[in-house]
Amino acid sequence: MSKNINVALIGNPNTGKTSVFNQLTGLKQKVGNYPGITVEKKEGICKLPRGVKAHILDLPGTYSLNTTSLDESLVVELLLNKNDKDYPDVAVVISDVENLKRNLLLFTQIKDLKIPTILVINMADRMSRKGISLDVEAMEKKLDTKIALVSTRKRTGIERVKELIADYKSISSKPVLDPTRISPEYFDRLKKTFPQEDLYKLWLVITQDVNFMPIEKKRIQDATDFSTKSKDELKKLQHKETVLRYQLINNILKETYKVDFMAAKGLRASMDKILTHKVFGYLIFFVILLTIFQAIFDWSGYPMDFIDEQFAMASEWVKNTLPAGLFTDLLAEGIIAGIGGIVIFIPQIAFLFLFISLLEESGYMSRVVFLMDRLMRPFGLSGKSVVPLISGNACAIPAIMATRTIENWKERLITILVTPFTTCSARLPVYLILIALVIPEGSFLGLSYQALTLMLLYMIGFGMALLSAMALNKILKIKSRSVFMIEMPTYRLPLLKNVVYTVIEKTKSFVLGAGKIILAISIVLWFLGSNGYSDDFENAESIVTERIEKQGLSIYSKNYIQNNVASYRESVEAEDLEPSILKDSVQVLTEQLSERAVAQEIASYKLEHSYIGQAGKAFEPIVKPLGYDWKIGIAVLTSFAAREVFVGTLATIYSVGSDEEETIKNRMAAELDESGKPLFNLASGISLMLFYAFAMQCMSTLAIVKRETNSWKWPMIQLGFMSVFAYIIALIAYQILI
Amino acid sequence: MATVADLRYGQKGIIKDFTEHTLPIKLMELGCLPGNSVELLQIAPLNDPIYINLSGSHLAIRRSLAELIELDIIEETQAK
């Protein structure tokens with residue numbers, strides 16, 4: 001048989017559906033998006049007995065076919081469309097053994113669609129601990145299906161699931177509930193109007209006001225008198241349906257499912273007492289947050305430095321190995337640097353998702369939502385916005401990806417829009433160097449001014465996010481139907497496999513999704529920075545060489561050489577070299593250094609006369625009122641690619657030989673404005689910091705917002721609003737302080 | 001009329017037959033049906049949301065929603 005069996009995994013949230021999926025497919029899975037929307041689509045291939053293969057689709061978790069969110073309506077949409085290429089030959093409903101009753105509600109609905117349906121009862125390992133006993137055979141008969149008892153933790157039962165899938169043709173597709181029982185009068189009328197149609201499917205199309213396929217919707221438009229007759233009436237019927245289904249299920253469970261509450265032991269109650277405690281709850285959450293921050297700021301520093309070095313080396317190697325020319329430059333400075341700029345984020349993203357998935361898998365995340373909901377509500381947000389907002393303090397990209405757990409679209413959109421205000425780690429190098437430059441040393445109540453400034457900047461970022469959320473809540477007119485309701489799952493040890501898959505998946509989706517755009521813009525920036533139209537640019541080399549011949553190296557280059565030689569002497573002092581050898585090696589070093597200094601001065605001159613340099617000069621009148629000169633202007637301009645570029649750009653412009661903060665800082669401190677005062681003073685420094693605090697300078701974030709909102713509208717609004725706002729605040733700050 | 005929002009720590013109630021159809025269907029599907037029991041497990045700081053055991057489903061809901069669910073309180077416990 002060449003055709004794969006189409007299998008759909010369906011189930012309530014927190015039933016371990018993803019674990020079942022992972023065990024069925026292993027690493028042979030693919031995560032993408034459904035066309036046109038940002039709901040994740042997970043699919044994979046599973047080898048079955050007798051050489052058959054199954055195509056497994058992991059549908060979003062849902063409690064029933066009555067949909068309240070985009071994810072859920074997707075499930076209904078697929079199950080109603082026989083022509084969809086993913087339409088299942090067999091549905092596998094995953095339920096967990098403790099909430100079987102509730103899970104069976106969904107099961108009966110799926111079965112009523114006349115799809116062969118298998119029931120998987122997961123977490124079977126918990127049965128004895130919870131005092132649950134099951135008569136599987138009797139239940140199979142009553143439900144008219146096949147059941148597999150599975151424990152993904154103990155890895156049992158998966159083979160049985162595979163066998164049942166392979167044998168799907170023998171599974172009954174007879175419905176459970178006769179819809180006419182809901183309301184004989186109403187359904188008789190339906191049957192008369194649409195004799196060709198399946199009543200239950202029709203009923204779903206009428207009651208679910210989601211975007212169904214155009215054909216279905218059109219066909220049903222004739223039925224408007226059935227749907228708009230009375231919304232209340234319909235809802236009453238839906239209630240009736242739920243009651244009927246539960247009656248049915250209760251009858252079945254009465255004979256087949258027993259719980260001995262005396263034998264049941266649970267950690268949940270006692271753990272909840274501590275973790276959602278009014279004081280300890282917050283304390284524990286705070287400690288967990290600190291750990292996450294530590295990981296993202298500190299621990300990820302090592303792999304990030306490593307990546308940075310590797311890419312610098314690769315770039316250097318390309319330059320030295322390939323013949324000099326446009327292509328080599330493009331490769332070394334455009335493409336490799338661009339890819340490096342993407343890969344550098346991987347450690348932070350991986351760390352953040354490692355923690356998020358640990359917290360989610362363990363069941364703790366729901367408790368955080370519970371603790372924080374009331375605090376977030378005045379800002380138009382819910383408890384579910386907390387994690388993205390806090391993650392934003394590391395990096396807005398994974399934070400915005402983490403908003404997917406918010407079902408309410410308005411809340412999710414607001415969270416996405418305000419997250420970039422939080423102080424991401426890319427702002428940190430900019431803040432650190434500016435604080436060191438312009439904030440005086442000294443302390444207030446034992447806290448240094450510099451540390452206080454940094455803290456204040458973090459608070460401003462977070463405060464601004466909350467304030468703009470509040471404003472957006474008033475401005476945005478989006479109707480959301482969903483009610484705040486969150487399940488508090490039992491605590492469990494996270495499954496390593498699930499955690500690892502999540503981390504790999506999220507990292508991959510960042511690299512492939514945002515990566516393309518970052519790479520493209522890096523190449524454009526490289527082009528603009530390394531090309532110019534004027535003679536000055538063309539002849540940069542001869543102009544600078546001539547100038548150096550006449551006037552010698554610039555004072556900064558001289559200092560650069562001197563400092564390096566001095567530190568070299570110091571480093572070899574202990575070795576007691578012979579004076580002649582020392583002299584020779586110093587001479588060689590000096591030659592090397594001045595060669596590099598000349599190259600730097602040429603690079604600096606070239607940059608000044610490149611397209612970007614010209615743009616910076618043209619840009620100067622705009623940034624002048626903020627206290628910046630054209631050089632800072634360029635740095636700000638290039639920072640729109642990514643904030644951390646600020647320091648690197650200044651290093652290039654000032655033709656400092658290294659990226660070392662100390663060197664750049666000294667160079668910046670020496671920079672004078674027209675009137676001979678330091679260019680980086682309290683006023684311009686604070687104005688710059690505030691600009692960086694508010695401006696939307698990160699194309700990766702814009703790319704991810706575009707992907708998550710599926711339109712350029714929102715990222716463009718973000719870019720425009722935040723940048724204009726940043727400009728105004730920076731302007732006010734500078735004008736007051738000067 | 002008592003509602004879920006009136007429950008105190010550890011208190012239980014039985015959901016009454018409701019005539020008002022303002023309750024979201026999702027809540028019904030999670031077990032909010034006449035005759036089923038509700039137990040209050042936790043109240044979040046600032047009094048909202050509340051954490052309940054709704055006939056086996058452990059849920060957090062906001063007070064505004066809890067006020068819509070009428071019930072008979074059956075168990076007077078010594079509030080801790």
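Let's start in chain A, where Asp144(A) sits in the loop between α4 (136–143) and β8 (147–149). Although Asp144(A) is not a glycine, its phi is positive, at about 55°. Most residues other than glycine have a negative phi. That is the background to keep in mind when you look at Asp144(A) and its positive phi.

## How confident is the prediction?

Please remember that you are looking at a predicted model. For chain A the mean pLDDT is 83, with 91% of the residues reaching 70 or more. One stretch to treat with care covers residues 211–218 of chain A, where the pLDDT is below 50. Beyond near neighbours in sequence, this stretch has 13 contacts in the model.

## Where the two chains meet

How many residues of chain B are in contact with chain A? There are 32 of them, and they touch 38 residues of chain A. The size of an interface is often given as the accessible area lost when the parts come together. Here chain B and chain A bury about 3,200 Å² between them, and carbon and sulfur atoms account for 63% of it.

Across this interface there are two salt bridges, along with ten residue pairs in polar contact, both residues of each pair being at pLDDT 80 or more. Which parts of chain B give two or more residues to the side that touches chain A? They are the helix α1 (25–29) and the strands β2 (37–43), β3 (50–54) and β4 (57–61) of chain B. By type, the residues on this side of chain B divide into 20 nonpolar, seven polar and five charged.

Strand pairing also crosses from one chain to the other: β12 (residues 485–487) of chain A and β4(B) run antiparallel and are joined by three bridges. To find the place in the structure, look for Met485(A), which stands opposite Ile61(B) in β4(B).

## Salt bridges

Side chains of opposite charge can pair when their charged atoms come close. Over all chains, the whole structure has 24 salt bridges. In one of them, Asp112(A) pairs with Arg245(A), and their closest N and O atoms are 2.9 Å apart. This pair links distant parts of the chain, 133 residues apart: Asp112(A) is in the loop between α3 (100–111) and β6 (117–122) of chain A, while Arg245(A) belongs to helix α10 (residues 231–256) of chain A.

Another salt bridge joins the two chains, with Arg62(B) and Asp373(A) as partners. Their closest N and O atoms are 2.8 Å apart.

## Strands and a hairpin in chain B

Now follow β2(B), which has a partner in β1 (residues 12–15) of chain B; these two strands pair in the antiparallel sense over three bridges. β2(B) is also joined to β3(B), again antiparallel, by five bridges.

Between β2(B) and β3(B) lie six residues, and the two strands form a hairpin. In its turn, Leu46(B) has a positive phi of about 70°. Pro49(B) is in the loop between β2 and β3 of chain B, and a cis peptide bond with omega of about -10° joins Asp48(B) to Pro49(B). Most peptide bonds, by contrast, are trans.

Technical notes:
Residues numbered from 1 in each chain as written. Chains lettered and ligands numbered in written order. Heavy atoms only, no water. pLDDT = per-residue confidence, 0-100. Contact = heavy atoms within 4.5 Å. Buried area = accessible area lost by both parts, 1.4 Å probe. Salt bridge = Lys/Arg side-chain N within 4 Å of Asp/Glu carboxyl O. Polar contact = N/O pair within 3.5 Å; in protein donor to acceptor, adjacent residues only side chain to side chain. Helix = DSSP H or I, 4+ residues; strand = E, 2+ residues; numbered from the N terminus. Nonpolar A, V, L, I, M, F, W, Y, C, P; charged D, E, K, R; others polar. Pairing = 2+ DSSP bridges.
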